[in-house]
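Biologist: Please take a close look at one part of this model, the interface. Set it in its surroundings as you go.

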2 protein chains.
Amino acid sequence: MRAVKAPRVDCPVTAKALDSEWVERFPGLSRLEPETKELLLTRGKIVTMPQKAVIFGPGNSPENMLFLLDGTVRVQQVSETGHEIVLYRINAGESCVLTTACLLAYDDYSAEGIAETDVQAAAVPRQMFDDLVARSSSFRNFVFAAFSKRITDLFLIIDEVAFQRIDVRLAHKLVELAKGRDTISATHQMLSVELGTAREVISRQLQEFQRRKWVELSRGTIKILERNKLEGLAKRSD
Amino acid sequence: MRAVKAPRVDCPVTAKALDSEWVERFPGLSRLEPETKELLLTRGKIVTMPQKAVIFGPGNSPENMLFLLDGTVRVQQVSETGHEIVLYRINAGESCVLTTACLLAYDDYSAEGIAETDVQAAAVPRQMFDDLVARSSSFRNFVFAAFSKRITDLFLIIDEVAFQRIDVRLAHKLVELAKGRDTISATHQMLSVELGTAREVISRQLQEFQRRKWVELSRGTIKILERNKLEGLAKRSD
DNA sequence: TTGCGCTATGTGACTTTGTCACTGAGAGAC
DNA sequence: GTCTCTCAGTGACAAAGTCACATAGCGCAA
């Protein structure tokens, strides 16, 4: 049950030489007013964090808003019951504003952000963030769009957790995690956290998929044999 | 299963005489700069909606941001499966920014807002909202605090739906809905929507509570006999 | 190579929750 | 009264979660 915690690495914020072009990598930011860009570039610090670093978590409010340049951050909830569930991922080109904002406002939240890969991000101080929101209407759009996306995603998760069958959700998640490839490196335990369910449930469901020859299982990996079938099952949720 | 839909009343936005003091009723707004207040008061319109009005819903993006002056709005999700779940409520002194923002960004969302009582609200046009965010740092705080609150609430709901036992959740909800009084006017169907579960599940659980003499049931109402016991059970979630 | 220890996975019995297809009971309308 | 709604109760069953183990793969050290 109790998942193994990633070791708390305490965010070794390694400042690096300024990559003057990072702003351009954000679709929402590249259209900013030139002087706003200038501000971001001169005052934002580029930081890196190693894989498995806990970027934020209970009792660890971040000082800065992060804009992810490279890598992905997994945000997951740890329940008092010891259960875990993945809420969403932040990918390169997205920002943590939402989570960060929450953390700043409520420190009794229970979500944590973990670097799934080595991560490079631009850190923007709170004060400067506020400044940017005030000055730039495109920045406001960027921020509110990010909020909106996250919130609709959360709505979706609630819907899935509450009302979707586990076989449908698992099929969906397998296709998603495969990202077009045909093997997935993940333990049943990891998948159970993705869906907020029990490891045994995943094991049994995967066995059923294997029995139908949709997948082939081996220790730590899942090979997809019939993507179509999985997608067909998953479609009942979209 | 299929819950009865409230009739679509299409938001009869009844403009009323300007109540010049409404801004003061918002804890977060009363400390605004005088000129910001002035702007809100002169440009915001006061609107009223009758109980059961659908304030927003699928295919009905609101033009304006609403600040609730009186009454409460229930926001709930309607799943494709026909299931429903209450996500949160907006009370007097709170704003719909979050939901509104979502609706503006993604119109394929599936949440709807329903007036639980007659509702009075101040409507602020989108453009003006943006303006206020730009000008006033206290307004920004107000908005971001609202977002943060909602998001942490959503995190909580996910946790509950995924990991909490139904008896614990029901006990919790009963105490919450009682608001200190000792009788609740609600059908089992309504309670099942509150928790995103099935009516039968609620019925059975309530019967169990009645068997223990914690509550007394009658058509459409629940009388709480042993609030302490309910709270004791509910505490296992907080 | 063998055995050790760790982690991943398999399994059966059981509980809880959700589903389905009904039945019956109040309560207002006529 | 009787009709017609909505609300609540019920039993059989399916799906999902829990618990307590058993077993299996794999790296590694003796």
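**The interface and its surroundings**

Modeller: B:Lys52 sits in the loop between strand 1 (45-49) and strand 2 (54-56) of chain B. Helices (H or I, at least four residues) and strands (E, at least two) are DSSP runs, numbered from the N terminus. Phi of B:Lys52 is near 75 degrees, positive although the residue is not glycine. Most residues other than glycine have a negative phi. In chain A, A:Lys52 lies in the loop between strand 1 (45-49) and strand 2 (54-56), and its phi is also near 75 degrees.

Some ground rules. This is a predicted model, in which local features need pLDDT of at least 70 and side-chain atom pairs count only at pLDDT 80 or more, while totals for chains, interfaces and linings use all residues. Residues are numbered from 1 along each chain as its sequence is written, chains are lettered from A and ligands numbered from 1 in the order in which they are written, and side-chain values use heavy atoms, with hydrogens and water left out.

Now the interface. Chain A gives 43 residues to the contact (heavy atoms within 4.5 Å), and chain B gives 43 residues. The two chains bury about 3,700 Å² between them, 72% of it on carbon and sulfur atoms. Buried area is the accessible area (1.4 Å probe) that two parts lose on being put together, summed over both. On the chain A side, A:Phe155, A:Ile158 and A:Phe163 lose the most area to chain B, together 20% of what that side buries.

Two salt bridges join chain A and chain B. Each is a side-chain nitrogen of Lys or Arg within 4 Å of a carboxyl oxygen of Asp or Glu. B:Arg140 pairs with A:Asp130 in a salt bridge, with the closest N and O atoms 2.8 Å apart.

Which elements build the chain A side? Strand 5 (84-91), helix 2 (97-105), helix 3 (126-135) and helix 4 (137-163) of chain A each give two or more residues. Helix 4 has the largest share, with 19 residues. By class, this side has 26 nonpolar, 10 polar and seven charged residues. Ala, Val, Leu, Ile, Met, Phe, Trp, Tyr, Cys and Pro count as nonpolar, Asp, Glu, Lys and Arg as charged, and the others, Gly among them, as polar.

Symmetry comes next. A rotation of 180 degrees with 0.0 Å of shift along its axis superposes chain A on chain B, with RMSD 0.1 Å. That is a two-fold relation. A:Ala134 is the residue of chain A closest to the axis, at 2.0 Å (C-alpha). Both copies use the same surface: 100% of the contact residues of chain A recur in chain B.

Last, the DNA. A phosphate oxygen of DNA strand C is 2.4 Å from a side-chain N or O atom of B:Thr197.

Conventions. Polar contact = N/O pair within 3.5 Å; in protein donor to acceptor, adjacent residues only side chain to side chain. Least-squares fit on C-alpha atoms with pLDDT ≥ 70 in both.
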